[in-house]
Amino acid sequence: MNLVEKYGPIAARNSISQYCPPKCFELAGKEFDFVMDTGECSGDIHLEFVDESKVNWSIMSGKFSGSSERYECRKADDYTYLVTFCMPEPNRENQTYVIDKEQGLVTLLRCVVGENPYWPYLIDSHWAFGYIKIEGEEHTDIRRHTFTDDVAGTGVRWVYGHELSTVHVYYNSHFYRIKYNNQANVSSLSSGMRSLPGSDEEAFYVKIKEGMYLVSVTEQNMEKILGAKMGFRSDTLCFLDNWNRMYSVGRGYGTATREGTPDREIFCMIGKYAKPEEIEEHFFTDQNPYTV
């Protein structure tokens, strides 16, 4: 029996989730209070992890709260958790938290669908940074996770599965682009993207700790130009990259549209590992076609 022939196609169907690590259930039964004192989503946050799949939440000092949602949790190292869950219609959004128990810090990324009146599928990102509140203890550390340009100048091939990889080029602190190749496994996606003026999209880079960064990218330019032609509408991806171990955990969120069928929410967990690769210099210096 050839196990590659038997199981290879099964594994390939998992696409960007093939190398995603198993679910983490360590937070089940625990509650957290966060003091988010920096950023546009500032305010107190309360998360109650009811069990291995449900979380009760209240953010921005109760300005936004909801009933139980189904959450996903993955670990980037022994002390750092990526927690993410979605709100249903009519106010669709995804909330993703980096809970850093080593430093007692936390980051919130809210990705909201439909805030832009010109582009109803467009996803916008909103951020907050703060600390984990411990009853009876004063938090005196003034440091927070923060936006950084440490990542700028980095190019790497990310391997999502045995047949799927892409090269990301982080050429400055606000944007990234993709280096294409001729792999058949990415041809359907890259052929559509090649019709764009460039693969450049806005990116956010947040330093969590030494050797660990949260990277968030959203396909806004693709949505504005190609729209329904791609079928994936302004998908947003965020990755908790562990450079000490050269691997990453993340999530994808967005909307899939297909003519004649209802819109379908995209929400998936992602795992990948880094494969260093020499990147031609022009990928770091080419003009961004979407900026003046």
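Let me begin with a definition: strands here are DSSP runs of E of at least two residues, helices are runs of H or I of at least four residues, and both are numbered from the N terminus. The model before you is predicted, so local features need pLDDT of at least 70, side-chain atom pairs count only at pLDDT 80 or more, and totals for chains, interfaces and linings use all residues. Residues are numbered from 1 along each chain as its sequence is written, and side-chain values use heavy atoms, with hydrogens and water left out.

First, the second largest pocket. A pocket is an open set of points on a 1 Å grid over the protein atoms alone, with protein on both sides within 12 Å along at least five of seven lines; a cavity is a set of points where a 1.4 Å probe fits but cannot get out; and lining residues have an atom within 4 Å of a point. Grid points are joined across faces, edges and corners, and a volume is the space filled by probe spheres set on the points.

The second largest pocket holds about 430 Å³ of space. Its lining consists of 23 residues, and those closest to the centre are Pro88, Pro90, Asn91, Arg92 and Glu93. Which strands each supply at least two residues of this lining? They are S4 (64-75), S7 (105-113) and S17 (264-275). Strand S4 gives the most, with five residues. By class, the lining of this pocket has nine nonpolar, five polar and nine charged residues. In that count, Ala, Val, Leu, Ile, Met, Phe, Trp, Tyr, Cys and Pro are nonpolar, Asp, Glu, Lys and Arg are charged, and the others, Gly among them, are polar.

The peptide bond from Glu89 to Pro90 is cis, with omega near 5°.

How many cavities of 30 Å³ or more does a search of the whole structure find? The search finds one. About 30 Å³ of space lies in the largest cavity, which is lined by Lys23, Cys24, Phe25, Glu52, Tyr71, Glu72, Cys73 and Arg74. That lining has four nonpolar, no polar and four charged residues.

Next, the cysteines. A disulfide is a pair of cysteine sulfur atoms within 2.5 Å, and zero disulfides are found in the whole structure.

As to accessibility, buried means under 20% relative accessible area, exposed over 50%, and partly exposed in between, with a 1.4 Å probe and protein chains only. Cys41 is buried, at 2%, and Cys238 is buried, at 0%.

Ser15 has a phi of about 50° and is placed in the loop between helix H1 (3-12) and strand S1 (31-39). Ser234 has a phi near 55° and is found in strand S15 (residues 232-242).

Contact means heavy atoms within 4.5 Å. Thr166 is placed in strand S11 (residues 164-170) and is buried, with a relative accessible area of 18%. Not counting residues up to four places away in sequence, Thr166 touches Val156, Arg157, Trp158 and Tyr160.

Ser65 lies in strand S4. Leaving aside neighbours within four places in sequence, Ser65 is in contact with Trp57 and Ser58.

Gly211 is found in the loop between strand S13 (201-209) and strand S14 (212-218) and counts as buried, at 10% relative accessibility. With neighbours within four places in sequence left aside, Gly211 is in contact with Asp241, Asn242, Trp243 and Asn244.
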